[in-house]
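Thank you all for coming.

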Amino acid sequence: MTHTIDWIDLTAASTFAQGHPWDAYARLRREAPIAWHPEAAESGSPGFWAVTKWADIRAISRQPQRFSSAARGVMMEESDEASLAAQRLMMLNMDPPQHDRFKLIVSRGFTPRAAAGLTERIHRLAAEIVDDVIDRGECDFVQDLAGRLPSGLIAEFMGIPRSDGERLYELTEIMHTTDLAVAPPERKMAAIGEMLAYAAGVAQEKRARPTDDIGSLLVQAEVDGEQLTDDEFQWFFLLLVNAGGDTTRNLVAAGMQLLLDAPAERSKLQTNLDGLMPTAIEEMLRYTTPVVHFRRTVMEDTEIRGQQMRAGDKLVMFYGAANRDEEVFTDADRFDVARTPNPHMAFGGGGPHLCLGMHVARIEIDALFRQVLTRMPDLHAAGERELMASTFIAGVHAMPVRWTAQGAL
Ligand code: HEM
């Protein structure tokens, strides 16, 4: 029998105002791991299948022919055909074989080796971010620390000035905001246009004068004699700035919040940074799960856990729910910086779309936490934190903190 979710609205930002709805996820996993979630008539969709078990998300993510990213995109909200056509220029919204070809070309820039090549620069970037605030003794952790990482990273990645990276990050904020008063559609379109035009300039420059950055590698990379077209490069650039921005910022801010709330775990980590940083990072990813969900479209009539689905149905995978699945994680609601094994799904459920930037993200997170935990060892909360109310990205909007300023030591 189909379980219809009429007791919580997973499409309402207010449901996520206090973070992921962990209790609702637990009930769904227990009572109805594949449940029908109706949607309001004006959404343009009758509803979707909410998927909350780790094993199901894993299986769905690995069968792109049956569960498509391209058919209707990967966002929960419906898009019109014009918007879908633009979205399909980004690999996130492609299916194989088109996705395979694209991934072959760009993946050279994202191997563990390529990421390792950025390590020194990312550590320098993290040190400079902390240098800028260390003497103040207080700041907003989200704006002044976590939020400065992604713009700096994209600058290092593409070999462009840091101030340009900051402008690009402002543009993504305009694209992402759901507040129409701040960003009406014309302003969003203008932001997209500005970013694509900037990317076109980067491609031209890197083709003319290639250096050792990943931007140069991407414009030159070839598979079977084929390179990325100008359009493909520009939309990929936009995807990178978008995908690598809010996610990392929120992981770092929410991760710090976890450490502040769990002093015993923080002290374990702080006294054994080299030993525990790798497992602590994975646990922060599992426990906070910055990307709330992605959508797929069912391509042929199919059945999961006895639940019949029709071709054309919408299906939404809730990664946070999978990351607390008690069938996979012992003591799943406990934050444990030494947890191992930790097969979390913060970077996706596996298969072709698994996060391309995960190696770089781990290096970024490691670099910033090392700086903060060693140079601001007594950092503590200094006011109310504000969480983000979004159905798509879980994280922290503002988080005032204080520490003993260096000059005062
Ligand atoms: C904590 C940080 C991050 C999180 C939680 C995260 C999460 C994700 C998730 C859930 C997906 C979709 C996986 C799927 O559909 O199976 C994804 C895809 C992607 N991510 Fe990340 N990401 C992070 C950082 C980054 C960074 C730093 C970059 C770039 C430098 C990046 C680039 C991408 C790209 C290009 C894709 C699309 C891959 C594809 O469609 O094949 N991400 N990410």
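This is a predicted model: local features need pLDDT of at least 70, side-chain atom pairs count only at pLDDT 80 or more; totals for chains, interfaces and linings use all residues.

Let me begin with proline 97, which sits in the loop between α3 (81-87) and α4 (98-106); the helices I name are DSSP runs of H or I with at least four residues, the strands are runs of E with at least two, and both are numbered from the N terminus. The peptide bond that leads from proline 96 into proline 97 is cis, with omega near 5°.

Arginine 305, in the loop between β6 (302-304) and β7 (307-309), has a phi near 45°, a positive value in a residue other than glycine. Aspartate 331, in the loop between α15 and α16, likewise has a positive phi, near 50°. To put these in context, most residues other than glycine have a negative phi, and most peptide bonds are trans.

Are these two residues buried or exposed? I call a residue buried if 20 or more other C-beta atoms lie within 10 Å of its own, exposed if 12 or fewer do, and partly exposed in between, with the C-beta atoms placed from the backbone. Arginine 305 counts as exposed because it has 11 C-beta neighbours inside 10 Å, and aspartate 331 is exposed too, with 9 other C-beta atoms within 10 Å.

Now let us turn to the sheets, where two strands are said to pair if DSSP finds at least two bridges between them. An open sheet of 5 strands has the order β1-β2-β8-β5-β3, and its pairing is mixed. Its edge strands are β1 (34-38) and β3 (67-68), each of which pairs on one side only. If you follow β2, you will find that β1 and β2 run antiparallel and are joined by 5 bridges, whereas β2 (residues 47-51) and β8 (residues 314-318) run parallel and are joined by 3 bridges. Valine 51 in β2 is the bridge partner of isoleucine 34, and valine 51 also stands opposite methionine 317 in β8. Alanine 50, for its part, stands opposite valine 316 in β8. β2 is mostly covered, with 4 of its 5 residues buried.

Another open sheet is made of 3 strands in the order β4-β12-β9, with antiparallel pairing. β4 (138-140) and β9 (380-381) stand at its edges with a single partner strand each, so one side of each is left without a neighbour in the sheet. β4 is joined to β12 (residues 400-402) by 3 bridges, and aspartate 140 has proline 400 in β12 as its bridge partner.

What surrounds the ligand? Counting a residue as near when its C-beta atom, placed from the backbone, lies within 6 Å, we find 26 residues around the ligand, the closest being Gly244, Gly348, His353, Cys355 and Gly357. The elements that give two or more residues to this shell are α12 (230-261) and α16 (358-375), and α12 provides the largest share, 7 residues.

Let me finish with two helices, for which the expected span is 1.5 Å times one less than the number of residues. α16 has 18 residues and reaches 26 Å from its first C-alpha to its last, close to the 26 Å expected. Its buried residues, among them Val360, Ile363 and Phe369, pack against α5 (112-117), α6 (119-134), α7 (141-146), α8 (148-158), α12 and α14 (273-288), where contact means C-beta atoms, placed from the backbone, within 7 Å.

In α9, Gly165, Leu168, Tyr169, Leu171 and Thr172 are buried. They cover an arc of only 155° around the axis, which puts them on the same side of α9; the arc is that of the directions from the helix axis to the C-beta atoms. What covers these buried residues of α9 includes α8, α10 (185-208) and α12.

Methods: Residues are numbered from 1 along each chain as its sequence is written. Two residues are in contact if their C-beta atoms, placed from the backbone, lie within 7 Å.
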